[in-house]
Amino acid sequence: MLQGRVWVLDGGLASTLEQGGISVDGDPLWSARLLYTDPDAIKKVHASFLDSGAQIITTSSYQASIPGFRQHLGITEEAAVDLITLSVALAREAVSEHVANCGTEGAVSNFLYGAHQFLVAGSVGPYGACQADGSEYSGQYVNNLSTTDLIDWHRPRVAALVGAGVDVLAIETIPAAKEALAILELLAEFPSIKAWVTFSCKDGHHTNYGDRFSEAVKKCYEKGSDQLIAVGVNCSPPQHLSSLLREANASPPSPEVLPRVVYPNSGEEWVAGKGWEGRGSQWSYVDQVVEWRKLGASIIGGCCRLGPSDIKAIASVMSSCV
Ligand SMILES: [Zn+2]
């Protein structure tokens, strides 16, 4: 599905909503609440990323869960599943409208990367992201949950996303190898779906939980069989990515066998009383895209605090180094 091609992924949904004046910070459902209150706002963000050159649009289901929707919206299980289905429909509609607006000529000239011009990726965030306690950044909860617990927790959303017809699952911001492996085990129940796995990493060698990154990649490759189409890093500071890619490349599977996907955050940190600090200039960030490409990354985009203008810059670099 992805081999031999280069893809531009979209950027951070919540931070782009914020730029548009919609704050989701502190909401236990984060941007997933907008599926209920303002789905058009989500579609507009998808459209802005498509206009910026993104070819893969990620659904707004990162913090969507059936229990979370039931608890925080007071809706039925069926209605909660419908909201996850809606997240896929919004991404699909944004793609269709973008293609229609570009016209056939535009669509063909944009047709750089093979049979699928655009993909809709169903976001599967970690268990911790739906606990609204920041635990997705440490992943310590995997010590208290069995593989079966994790599989049972992830099953309803995966089923809803697959049922709604996503092209691929983005199993993303995963802090611990144990959780990634549990989700890959779950995928055997949905044999037609493909997926990528990206870990959140705390330095140039380890996942946020503390697994050695190269070991996590290797284990995913062994568990995922032909359903795993790429592996990598997201929602991590950009300065760690080259080291992580080098480490993964030092042992099998190589990027030719299993493509790499990277979509870092901006590297900023929230400093109380001061706001976001520590972002380098955009050009120092974009320069790294060339390096990540050389290290085998074939899907590159942005996560938190990287918006449409960043994706436009990435797309420009990507198109010149295909
Ligand atoms: Zn992020």
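Helices here are DSSP runs of H or I, at least four residues long, numbered from the N terminus. I keep that in mind for the labels below, and I note that the model is predicted.

**Overview**

I started with the whole chain. I find 11 helices and 10 strands, and 49% of the 322 residues count as buried. I also looked up how far apart in sequence the contacting residues are. Of the contacts with a separation of 6 or more, 80% join residues 24 or more positions apart.

**The sheet**

Next I traced the strand order. It is an open sheet of 8 strands, running S1-S10-S7-S6-S5-S4-S3-S2, and the pairing is parallel. The edges are S1 (7-8) and S2 (56-58); each has a single partner strand, so one side of each lacks a neighbour in the sheet. For S1, the pairing with S10 (residues 297-300) is parallel and has 2 bridges. I looked up Trp 7 and found Ile 299 of S10 as its bridge partner.

Then I moved to S5 and S6, which pair in the parallel sense over 5 bridges. Trp 196 has Ala 230 in S6 as its bridge partner. S6 is largely enclosed by the rest of the structure, because 6 of its 7 residues are buried.

**Helix H6**

Which residue of H6 marks a kink? I find it at Arg 155, shortly before Pro 156, with a bend of about 40°. I also checked the length: the 17 residues of H6 (147-163) should span 24 Å at 1.5 Å a residue, and the end C-alpha atoms are 23 Å apart, which agrees. Just after H6, Gly 165 has a positive phi of about 90°.

H6 lies across S3 (119-124) and S4 (168-174), and runs at about 165° to S3. Its buried residues include Trp 153, His 154 and Arg 157, as well as Val 158 and Leu 161. I see those last two again from the side of Leu 169, whose contacts beyond four places in sequence include Val 158 and Leu 161. Ala 121, Gly 122, Val 124, Ile 193 and Ala 195 are also in contact with Leu 169.

Glu 179 is on the buried list, along with Ala 180, Leu 181 and Ile 183 among others. What covers the buried residues includes S3, H6, S4, S5 (195-199), H8 (213-224) and S6.

**Cys 235**

Last, I looked up Cys 235, in the loop between S6 (228-234) and H9 (241-249). Is Cys 235 buried or exposed? It counts as buried, because it has 25 C-beta neighbours inside 10 Å, and the cut-off is 20 or more. Beyond four places in sequence, its contacts are Thr 173, Ser 200, Asn 265, Cys 303 and Cys 304. I also noted Ser 266: 31 residues from Cys 235 in sequence, but 8.5 Å away, C-alpha to C-alpha.

Definitions and conventions:
Residues are numbered from 1 along each chain as its sequence is written. This is a predicted model: local features need pLDDT of at least 70, side-chain atom pairs count only at pLDDT 80 or more; totals for chains, interfaces and linings use all residues. The expected span of a helix is 1.5 Å times one less than its number of residues. The bend at a residue is the angle between axes fitted to the seven residues ending there and the seven starting there. A residue is buried if 20 or more other C-beta atoms lie within 10 Å of its own, exposed if 12 or fewer, and partly exposed in between; C-beta atoms are placed from the backbone. Two strands pair if DSSP finds at least two bridges between them. Two residues are in contact if their C-beta atoms, placed from the backbone, lie within 7 Å. Axes are lines fitted to C-alpha atoms, for helices over the stretch in contact, and angles run from 0 to 180 degrees between N-to-C directions.
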